[in-house]
Structures are given as C-alpha cells and as structure tokens.
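This report is meant for someone looking at the structure for the first time.

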Amino acid sequence: MRKAVHFGAGNIGRGFIGETLAANDFAIDFVDVNETIIDALNQRGEYTIELAADGQEKIHVANVDGINNGKDPEKVAQAIKDTDLVTTAIGPKILQFIAPLIADGIKLRQAAGKTQTLDVIACENMIGGSQHLKEEVYKHLEGEAKDFADQYIGFPNAAVDRIVPLQKHDDPLFVSVEPFKEWVVDESQMANPDLKLEGVHYASDLEPFIERKLFSVNTGHATVAYTGQTLGYKTIDEAIQDEKVLNQLKRVLKETGDLLIAKWGFDRAEHEAYQAKIISRFQNAYISDDIARVGRTPIRKLGYNERFIRPIREAKGLGLSYQALLETVGMIFKFDQPEDEESQKLQAMLKEQPLADVVKEVTGLTLVDEITKVVK
C-alpha cells in the first residue's frame, strides 16, 4: 500500500482527508498531540465515518495509526522519510509548528538518497496554504537540504470544502460529516503529478476555486453565524430558518457572486446553482453547528485578505455593491463570546481604543468611516 502522513487527527482530518486517502488505498499515519485520539488509532487501526443525511450511511476507514508529535517528533520525521504523500488539516496558525518536523523528514529523505518526488498539501481554510507552509519549512532548511527540497518536494496549494459539525461521541474516533465534499489541488505546483487521487479535482489555476469557496462557503457560513447571533440564536440550523438570516445570507452571496463572476468569468447560472447548493447545505437538519464555534476567531475573520474584507475592497475597486458585506462586518465587531479568546481581545480593544482605530488595525482598510457607521 502507498503511505500518507496526515497532520491533524481531528474531525476534518479523519472525516474528510482521511476518508479520501483511505478510498485511494493509502495507509495513513495520523500526526496529532491529542493523546486520546492517537492512542485509539494505534489500538484499533480503524474508525467509522457517518454521513449527516437521510440514511446516515457509514464509511469504514482502516490501515490507520497515530503518532504523537509532541512526544515522538523523530517518529514523525521517519514517517515522512518513507511516505508517498503529506497532507495537513490543522488550522492555518499551527502550520508554523509542524514545519520543523516536515523539514526533518525532508533531511532524512535527502540523507537516504530518496529521490522519489513528494507533495506536501495543506488542506486549510486559507489562500495559498501550501506555499505558506513551504515558507515555514524552508526556514529550517539550508544548503544541500534546501536544494534537495527544490528538486524533489512540492507544495501544491489546495482548496477544501466539507462541513463537519460540532459533535461529541463516546467513541473518540467516530465522526459525522456532510455528504458534500470538494478537494481541488493546483496541478502546476505538484512535484509528483503522477500521483493523483480519485475524488480530488486537479486544476491548472487554483485561485478561482479557492476564492469561490472562501467567498461563498466561508463568507456565507460566517454570515449566518453573525446574523444569527445578533438575533439571539445559538445554532446555525435554527438561525437559517429565520427569513432575516436567510435574506442576509442571500444578499451577501449575491455580492460575492457578482465579484467572482466579474473577476474570474464564472458562468452566472452555474454559480447561482453553486450558491443554492451552499444554502441547502447550511439548511441540512443533520448538521447542527454552534454559532459560537462558527463565529470564533473574529479578528482573523476580519483580516485584510480574509472572507469579508477582501471581497469588500475588491468589490469597491470594481465599482460593485458591498453593502451587505459591510453590514455583516458590523455584526462581527459585536460578536462577544466569553469562551473565545479573540472575541474577548476584540471587545477589550473596542473598550480601550477609539472605534476607528480598532477598525483600521484589525481590517487594514481605509474604509473606516463606512465600517464605523455599521458598527455603531
């Protein structure tokens, strides 16, 4: 069997990337610091996925084990030395912390004279995730090791899309996921283009797909969360039943859709069908996600290149409407969740600094007056 090293044994890792790798006959080394999950993977070597839809189909995933990178980093590097593919689903902020492990694995491949090309694919909700990871990995490479990586290691960017709801089970490995899934990889950045996975789409230009997903699914999901929170709802499925929430979602998707069509030339009818599919996914009664979870890390979501601010500034540049996006941004500044560190940091900033200063610092935008009006 071919081997894969996957960083992140959480619900996305097991319920999406792991499922796809297993369906392509890979044995998977899951790397994580969660002892409960890693121990369970090593004890059982298998787990079950359930589709969150009528029928609740079960999918069996086998030939898996776990490595605790906190306790056994050398074993992670050794696994990378012998693997055919590396993937991640750990969150953008964690990539820097696994970079040294990947670098050590590359050094072992070099020392062993292993010239089989290897791709490292970051499956994260961010633009340019794999190339960002490459930058972090290269901080730990120099000289011949860097030359080796240049020749034999690829970092193709990817776009991934699957909703995995907040859940808790007695079985730490059991995971429920929505039936829909999309994984797109930038073929032009691959070191090993001969290794392609069934169920994964390979594109010569990934950016349109990444932006379509980010500005539709991520922007839309967050819009339901922040609009729902202002109306007192606790879960996504409850919130979207409210016509006010649904209407705000449709207005936001209209604005991001107009931008995507203008920028990338997507067919309008096809894109509107894609948006309708997204709305139906959010309405899936089997996917009950907490608004507090979907809306967490508001400062990151207000970032200059993130799901709201980037389409706002690009729409403005093209003379397109962005009023609904602005209104949602105003709601984000009012998102106050005690258990979310970024939410509390943002609320503290708003108490200690003038609103205009906070808006400029967090968003990087010059549209301070427009945003402060909707925040107030």
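## The largest cavity

The largest cavity holds about 60 Å³ of space, a volume being the space filled by probe spheres set on grid points that are joined across faces, edges and corners. A cavity here is a set of points, on a 1 Å grid over the protein atoms alone, where a 1.4 Å probe fits but cannot get out, and lining residues have an atom within 4 Å of a point. The model is predicted, with local features needing pLDDT of at least 70 and side-chain atom pairs pLDDT 80 or more, while totals for chains, interfaces and linings use all residues. Residues are numbered from 1 along each chain as its sequence is written, and side-chain values use heavy atoms, leaving out hydrogens and water.

Among the residues lining the largest cavity are Glu124, Met126, Val160 and Lys213. Helix H7 (207-230) and strand E9 (158-161) each supply at least two lining residues, and H7 gives the most, with 4 residues. Helices (H or I, at least four residues) and strands (E, at least two) are DSSP runs, numbered from the N terminus.

## An open sheet

Three strands form an open sheet with mixed pairing, in the order E4-E3-E10, where pairing requires that DSSP finds at least two bridges between two strands. The edge strands, E4 (58-62) and E10 (175-177), each pair on one side only. Strand E3 (residues 46-51) pairs with E4 in the antiparallel sense over 5 bridges, and Ile49 stands opposite Ile59 in E4.

## The end of helix H9

Helix H9 covers residues 243-264 and is followed by Gly265, whose phi is positive, near 75°.

How values were computed
The expected span of a helix is 1.5 Å times one less than its number of residues. On a 1 Å grid over the protein atoms alone, a cavity is a set of points where a 1.4 Å probe fits but cannot get out, and a pocket is an open set with protein on both sides within 12 Å along at least five of seven lines; lining residues have an atom within 4 Å of a point.
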